[in-house]
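Please review the following model together with its sequence. A briefing on selected features of its chains is set out below.

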Amino acid sequence: MFNQVLWFATRGAGAVALLMFTASTALGLVTVARFQAAGWPRFFNYEMHRRVSLLSIVFLAVHVLTAVLDPFTKLGIGAALVPLASTYRPVPVALGVIALYLFVALIVTSILRRHISQGAWRAVHWVSYAMWPMALLHGITAGSDAFTPWMLAVDLVCMVVVAAALSWRIAVGNPNKSRLPEVVAASSWQAARNDYR
Amino acid sequence: MKTSPTSQRDRGTQPNARRPGPPDPAAGLSDLTLGIDRITCDGYGSCAELLPEMIELDDWGYPIIRPGPVPTALLGHARMAVDTCPVLALRLAAVARATMAAAVNVPAATVRAGGPARATNR
Amino acid sequence: MTARLLDGPALAAGPETLAAHTIRLGPLPGPGDRQALPPMLDAAGLLGRGGAGFPVGRKWASVAGRSEGRAIVLANGAEGEPLSAKDRVLMSTRPHLVLDGAELAAAAVGAEHIVIYVGSEHRAARAAIGRALEERMADMRRIATRVPTELVAAPPTYVAGEESAAVHFINEGDARPTATPPRPFESGIDGRPTLVQNVESLAHAALIARRGEQWYREAGRSETRGTALITIGGAPTPGVAEIEIGTTLAEVAETAGAPVSLGPVLLGGYFGGWVAGRSAWQAPLDPQVLRRSGAAFGCGVVRFLRTDECGVRATALILDFMAGQSAAQCGPCVFGLRAIADAAARLARGTARGDDLRRVSGWSQTLAGRGACRHPDGAVGLLRSALRTFDDDFTAHQRGRGCVAGQRAWAAA
């Protein structure tokens with residue numbers, strides 16, 4: 001009975017963590033796209049992105065701990081920390097382990113953001129584009145109930161949300177900073193050079 | 001007040017119950033002042049949403065910051081504005097440090113091409 | 001006009017050789033005396049010639065105070081201001097004065113290294129400095145006081161001469177200003193305290209070191225003492241001249257043969273402002289006096305508006321240049337200057353929109369101080385002075401009627 005609880009906890013927490021990663025990724029994308037709506041000011045994007053990311057730590061921790069502690073799965077702590085060390089579906093679990101490390105890097109660099117260079121923080125944050133697909137793929141391949149309707153629905157929702165946010169982010173185009181040089185160069189004096197000497 | 005070119009939404013829809021107004025001299029000023037890294041700033045505009053008493057956005061969505069020390073009553077909001085800038089462009093700094101430039105006595109007159117002085121941002 | 005920096009052989013003769021320079025001026029003070037130079041410069045009242053007019057002695061002292069023997073001197077000869085030619089003329093005719101000044105500065109602030117930063121487009125100046133450096137390297141008597149010196153070509157942009165841009169270029173090859181703090185005197189090239197000093201300021205220091213502060217103060221007709229180089233334009237005899245500080249615009253006009261008495265003059269270059277009228281023409285060309293009256297000596301540009309020129313059009317051309325020379329790092333500068341330049345261009349051409357003049361005035365209020373460097377401030381300063389000086393012309397242009405000179409200029413646009 002207890003084993004069942006742990007197993008449900010692992011799958012449930014995993015699914016919730018995935019949903020939260022999805023929300024966080026989407027919120028990060030719309031932060032750059034400067035989304036705002038009635039009742040949703042711009043600062044909500046960044047704020048919610050951070051809060052959801054921090055909250056997802058809890059669910060990720062529950063997912064990993066219950067998976068390791070569950071005697072049925074025979075996953076030792078090694079399997080959770082070393083890619084491919086698992087005897088149960090080594091590659092899918094490895095995806096999860098790598099995603100876990102990337103997640104830790106994201107969280108640590110973001111908490112220490114004011115103390116590290118902006119270039120370093122930004123470089124590590126790009127890693128999130130790898131982390132989310134890995135988490136999703138880990139869920140699909142490592143989960144024993146990956147093809148139940150509810151899990152498929154969760155996966156679909158996650159993919160749609162990130163795809164939508166990503167498309168919006170791409171459509172909105174470059175943030176202001178990348179457009180500055182072209183504005184600077186846009187002189188209206190074509191015939192005459194602006195050469196007052 | 002227009003928002004940045006990437007969004008045409010009216011700022012009037014923002015949940016902003018506090019009305020901007022002139023500072024009350026009796027309210028007490030802190031010893032901190034707002035500073036901004038103008039190069040990092042990318043016109044996100046969260047600062048103006050969170051501290052409208054001291055920050056408003058220009059025609060292109062970039063902040064215009066009211067100079068001078070932050071009133072003590074607004075310090076909490078100021079800290080939140082600093083914390084919520086997605087690129088960490090906004091800062092709170094002690095007034096003494098912000099006017100160290102004055103101690104070096106760079107004249108208020110401008111820098112010329114090839115000149116030695118630099119801006120103190122407000 | 002007075003000749004102190006430009007004393008010696010005719011300018012047309014090209015760079016003065018090390019031998020001729022040493023014979024004419026005598027040797028530099030020995031190493032022991034060089035520590036005494038910053039207070040002497042203070043006593044002389046030498047102000048920086050790069051445009052900001054900061055007291056030179058005080059600047060050297062602040063670098064010396066944090067140097068610990070690791071400082072760097074950057075002699076700033078970038079001269080990105082299109083209307084100014086004084087630095088390149090000085091470097092191409094009196095290179096050893098500039099290099100003397102740099103050497104003295106290095107000794108005074110405890111610098112291990114000197115960089116001579118010259119605009120890449122100023123070929124004669126670069127050649128003269130290069131040759132002068134070779135002469136000094138070959139001179140065995142200088143071995144003891146020699147400081148490693150390199151000549152660096154500055155990109156031909158307007159902001160490349162800004163002090164943080166110069167440091168940024170030496171450090172990372174990117175000649176764009178950086179955000180404050182720290183400033184170069186605290187942390188500049190390689191993170192060391194860096195003295196960024198205009199080449200003319202260094203040349204004056206080289207003379208003060210030999211002749212003393214009393215000698216320096218003997219010249220001058222106003223509260224600020226000494227001489228300064230100016231670049232005269234828009235007159236029959238344009239070019240670089242040396243004047244006693246405090247000479248009036250009227251006197252300069254008389255010597256240069258200026259077009260219109262009491263007419264509009266651009267003082268200080270693109271970074272300065274327009275003045276006109278009796279009080280402006282009678283005012284002494286003295287940085288401190290001009291600043292108090294809201295004008296600027298800047299880098300010593302004196303550009304008379306010619307009779308066939310339209311002040312509105314000239315201003316629009318300058319603003320377009322300034323907008324195009326933005327380092328493109330800060331939103332307010334990029335968008336603000338471009339909007340102002342576009343509106344000014346429409347005004348100049350007589351195709352102004354209904355609210356162009358009003359919006360231009362509005363933007364000039366909110367743009368200053370909102371960039372990482374003072375580039376937008378300079379453009380706004382120029383604009384404001386133009387709105388004051390050419391008030392009637394701007395109004396006429398807004399209404400599509402234009403000034404008399406303007407109508408001729410439109411055909412050219």
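**Briefing on chains B and C**

Within β6(C), C:Glu242 is the bridge partner of C:Leu229. The model is predicted: local features need pLDDT of at least 70, side-chain atom pairs count only at pLDDT 80 or more, and totals for chains, interfaces and linings use all residues. Residues are numbered from 1 along each chain as its sequence is written, while chains are lettered from A and ligands numbered from 1 in the order in which they are written. Helices (H or I, at least four residues) and strands (E, at least two) are DSSP runs, numbered from the N terminus.

**The five-stranded sheet of chain C**

- Strand β5 (residues 227-233) of chain C pairs with β6(C) in the antiparallel sense, over six bridges; pairing requires that DSSP finds at least two bridges between two strands.
- Five strands of chain C form an open sheet with mixed pairing, in the order β6-β5-β9-β7-β8.
- Its edge strands, β6 (239-244) and β8 (273-275) of chain C, each pair on one side only.
- Neighbouring strands of this sheet are turned against each other by 30 degrees on average, direction ignored.

**Strand β4 of chain C**

- Strand β4 (residues 194-198) of chain C is largely enclosed by the rest of the structure, because five of its five residues are buried (20 or more other C-beta atoms within 10 Å of a residue's own, with C-beta atoms placed from the backbone).
- C:Thr194, C:Val196 and C:Asn198 point one way from β4(C), whereas C:Leu195 and C:Gln197 point the other way.
- Strand β1 (residues 71-77) of chain C runs parallel to β4(C) and is joined to it by five bridges.
- C:Asn198 in β4(C) is the bridge partner of C:Asn76.

**Helices of chain C**

- The axes of helix α4 (residues 86-93) and helix α8 (residues 199-211), both of chain C, come within 9 Å and cross at roughly 50 degrees; axes are lines fitted to C-alpha atoms over the stretch in contact, and angles run from 0 to 180 degrees between N-to-C directions.
- The contact (C-beta atoms, placed from the backbone, within 7 Å) involves C:Lys86, C:Asp87, C:Leu90 and C:Met91 of α4(C) and C:Val199, C:Glu200 and C:Ala203 of α8(C).
- Helix α13 (residues 311-324) of chain C is mostly covered, with 13 of its 14 residues buried.

**Chain B**

- Chain B has four helices and five strands, whose order from the N terminus on is β-α-β-β-β-α-β-α-α.
- Of the 122 residues in chain B, 40% are buried.

Key:
Contact = placed C-beta atoms within 7 Å. Buried ≥ 20, exposed ≤ 12 C-beta atoms within 10 Å, placed from the backbone.
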